[in-house]
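Take a look at the model, then read on.

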Amino acid sequence: MKLGLILKVSMLLLALVVVIYGIKALQSPKIQTQAGDPNSVVGLLLGGDQRLLNWCPGDTAKVEIFSETGEVLKTLTSKQDLSAVCELMIGGFTQDPAETLVYKLKMKAYPGAGNPVSLEKAVQSPIFRVQGMPFSSPGLVKVLERLAVP
């Protein structure tokens, strides 16, 4: 009987030590920095403001990327490229209330059948919009920079 009680108390004390250590570890500057990083898994696990958005239709056959002047820069058809531009980590952004953003067409996703879906980008800002919903996506900015290199 006494051995069982000692074992239960020691397990509870061990669990308490693990919880206290976990709380201290989550408050460390390294974890706090990773939690704010939009490309970090830690940020997703801890409930960061980044969310996954797949803006392309399910059966997307191709995505066209447009220049600032409206001409097609690139057409993507491979599954890897389509996944890179369609599946985005998105987050919020802050905007000056007096500032109104002007959007231009940046990408258009063409499904196998049906109407294409457009993604627009703000002219002077890294803010995007799909079907009227604005968002920021640092990952998409990096992908577009990578794809712009010939």
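## Strands 2 and 3

Two strands count as paired if DSSP finds at least two bridges between them. The model shown is predicted. In this model, strand 2 and strand 3 form a hairpin. Five residues lie between the two strands. Gly70 sits in the turn and has a positive phi of about 100 degrees.

The two strands run antiparallel. Four bridges join strand 2 to strand 3, which covers residues 72-76. Within this pair, Ile65 stands opposite Lys74 of strand 3.

## The largest nonpolar core

In soluble globular proteins, nonpolar side chains tend to be buried together. The largest nonpolar core here has 22 residues. Trp55, Val63, Val85, Met107, Leu119 and Phe135 touch the most other members.

Helix 5 gives the most, with four residues.

What does Leu119 touch, not counting residues up to four places away in sequence? The list includes Trp55, Met107 and Phe135. Leu119 also touches Leu88, Leu105, Lys106, Phe128, Arg129, Val130 and Leu140.

Glu87 is found in strand 4, residues 87-90. Is Glu87 buried or partly exposed? Its relative accessible area is 44%, so Glu87 is partly exposed. Glu87 and Leu53 are 34 residues apart in sequence. In space, their C-alpha atoms are 5.8 Å apart. Leaving aside neighbours within four places in sequence, Glu87 is in contact with Leu52, Leu53 and Asn54.

Ser136 is found in strand 8, residues 133-136. Ser136 counts as buried because its relative accessibility is 14%, and buried means under 20%. Beyond its neighbours within four places in sequence, Ser136 is in contact with Met89, Ile90, Gly91, Gly92, Phe93 and Pro126.

Leu16 is found in helix 1, residues 2-26.

Leu16 belongs to a nonpolar patch on the surface. Leu5, Val9, Leu13 and Ile20 are in the patch with Leu16. Together these residues have about 470 Å² of accessible area.

Note on methods:
Residues numbered from 1 in each chain as written. Predicted model: local features only at pLDDT ≥ 70, side-chain atom pairs only at ≥ 80, totals over all residues. Heavy atoms only, no water. Patch = residues over 30% accessible without salt bridge, like charges linked within 9 Å, V, L, I, M, F, W, Y side chains within 5 Å. Areas by Shrake-Rupley, 256 points an atom, 1.4 Å probe, with all protein chains shown as cover. Salt bridge = Lys/Arg side-chain N within 4 Å of Asp/Glu carboxyl O. Buried < 20%, exposed > 50% of the residue type's maximum accessible area, 1.4 Å probe, protein only. Contact = heavy atoms within 4.5 Å. Core = buried A, V, L, I, M, F, W, Y, C linked by side-chain atoms within 4.5 Å.
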